[in-house]
Every structure is written in structure tokens, then in C-alpha cells.
Amino acid sequence: MAQALGYVTKNQNGAFEGTLSMMSLRKKISIQPNRAKESDAQPDFRVYTEDRVEIGGGWNRTGKVSGNDYVSLTFAAPEFGPHKIYANLGRAAGQDDEDVMAILWNPN
């Protein structure tokens with residue numbers, strides 16, 4: 001079952017602003033469009049903390065079954081240890097606000 005690691009709100013410029021919350025970590029984050037993207041290997045978004053430390057990237061994806069677009073996120077930072085955290089931006093169960101997206105992590 002997916003768990004929300006935080007919530008972000010989409011801005012008019014295509015960026016997302018919100019909070020990443022995990023056990024002992026609570027940081028305001030910004031998911032900014034990567035306007036300097038030059039290849040498919042580079043992320044469509046870059047993820048920064050409130051103090052402008054880059055902690056991840058995001059790639060635009062389309063669901064194979066649903067056909068819906070979403071953003072696949074990867075987080076990496078010393079606070080997470082040697083492992084990366086993979087999540088998606090999407091709607092949390094029962095969520096109605098279309099401007100708010102959940103950072104959804106599925107451990108399975």
C-alpha cells in the first residue's frame with residue numbers, strides 16, 4: 001500500500017512546492033522544471049530543499065494501464081543512507097484538491 005511522504009502544490013510556473021516528511025526528516029522542498037535538460041537521461045525536474053541543496057530528480061512518465069501522466073521521483077541524500085528513495089507524484093486516497101499532489105512511496 002502506498003504511503004504519502006509529503007504533499008506539494010503545483011505553481012503556475014510548473015514547479016511544485018511543499019514538504020517532504022519521513023520519520024526524523026521534515027524539509028520544505030521545491031520540485032523545479034529542469035529548463036536546461038539536454039537528453040532523456042537528465043531529469044525533467046530537479047528536487048531542492050529549502051536551503052537549495054539538490055536531493056533528487058523527477059521524470060515525466062505515462063501509466064501503462066491508466067494512460068495518465070505522472071512524475072516519477074528519485075531522492076538521494078546522506079540522510080537517507082546508501083539507498084535511494086523512489087516515489088511518484090499523484091493523488092492520495094480520498095484527495096479532492098487538484099492542485100495538491102502527494103509524494104507517494106510504495107515499499108513493495
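1. The side chains of Glu 54 and Arg 46 form a salt bridge, with N to O at 2.9 Å; the term denotes a side-chain nitrogen of Lys or Arg within 4 Å of a carboxyl oxygen of Asp or Glu. Glu 54 is partly exposed at 40% relative accessibility, and Arg 46 is partly exposed at 25%. Here, buried means under 20% relative accessible area, exposed means over 50%, and partly exposed lies in between (1.4 Å probe, protein chains only).

2. The model is a predicted one, in which local features need pLDDT of at least 70 and side-chain atom pairs count only at pLDDT 80 or more, while totals for chains, interfaces and linings use all residues. Residues are numbered from 1 along each chain as its sequence is written, and side-chain values use heavy atoms, with hydrogens and water left out.

3. How many salt bridges does a search of the whole structure find? The search finds 3. One of them joins the side chains of Lys 27 and Asp 51 at 3.8 Å, N to O. This pair links distant parts of the chain, 24 residues apart: Lys 27 is in strand S3, and Asp 51 is in the loop between strand S4 (45-49) and strand S5 (54-62). Strands (E, at least two residues) are DSSP runs, numbered from the N terminus. Lys 27 has a relative accessible area of 23% and is therefore partly exposed.

4. A salt bridge also connects Asp 44 with Lys 37, whose closest N and O atoms are 2.6 Å apart. Is Asp 44 buried or exposed? Asp 44 is buried, at a relative accessible area of 18%, whereas Lys 37 is partly exposed, at 28%.

5. Strand S3 (residues 25-33) contains Ser 30, which is buried at 7% relative accessibility. The side chain of Ser 30 makes a polar contact of 3.0 Å with the side chain of Glu 17, and another of 2.4 Å joins the side chains of Ser 30 and Gln 32. A polar contact is a pair of N or O atoms within 3.5 Å; within protein, one must be able to donate a hydrogen and the other to accept it, and residues adjacent in sequence count only if both atoms are side-chain atoms.

6. Ile 31 also lies in strand S3 and is buried, with 0% relative accessibility. The C-alpha atoms of Ile 31 and Phe 80 are separated by 18 Å, the two residues being 49 residues apart along the chain.

7. The loop between S4 and S5 holds Arg 52, which has a positive phi of about 65 degrees although it is not a glycine. Most residues other than glycine have a negative phi. Arg 52 is exposed, with a relative accessible area of 53%. Glu 50 lies in the loop between S4 and S5 and is exposed at 52% relative accessibility.

8. Asp 96, Asp 97, Glu 98 and Asp 99 gather in a surface patch of negative charge. Patches are made of residues with over 30% relative accessible area and no salt bridge, like charges being joined within 9 Å and nonpolar side chains (Val, Leu, Ile, Met, Phe, Trp, Tyr) within 5 Å. Asp 97 is found in the loop between strand S7 (85-90) and strand S8 (100-105), and is partly exposed at a relative accessible area of 40%. The C-alpha atoms of Asp 96 and Glu 50, 46 residues apart along the chain, are separated by 27 Å.

Note on methods:
Areas by Shrake-Rupley, 256 points an atom, 1.4 Å probe, with all protein chains shown as cover. Lys, Arg positive; Asp, Glu negative; His and termini not counted. Charge placed at Lys NZ, Arg CZ, Asp CG, Glu CD. Helix = DSSP H or I, 4+ residues; strand = E, 2+ residues; numbered from the N terminus.
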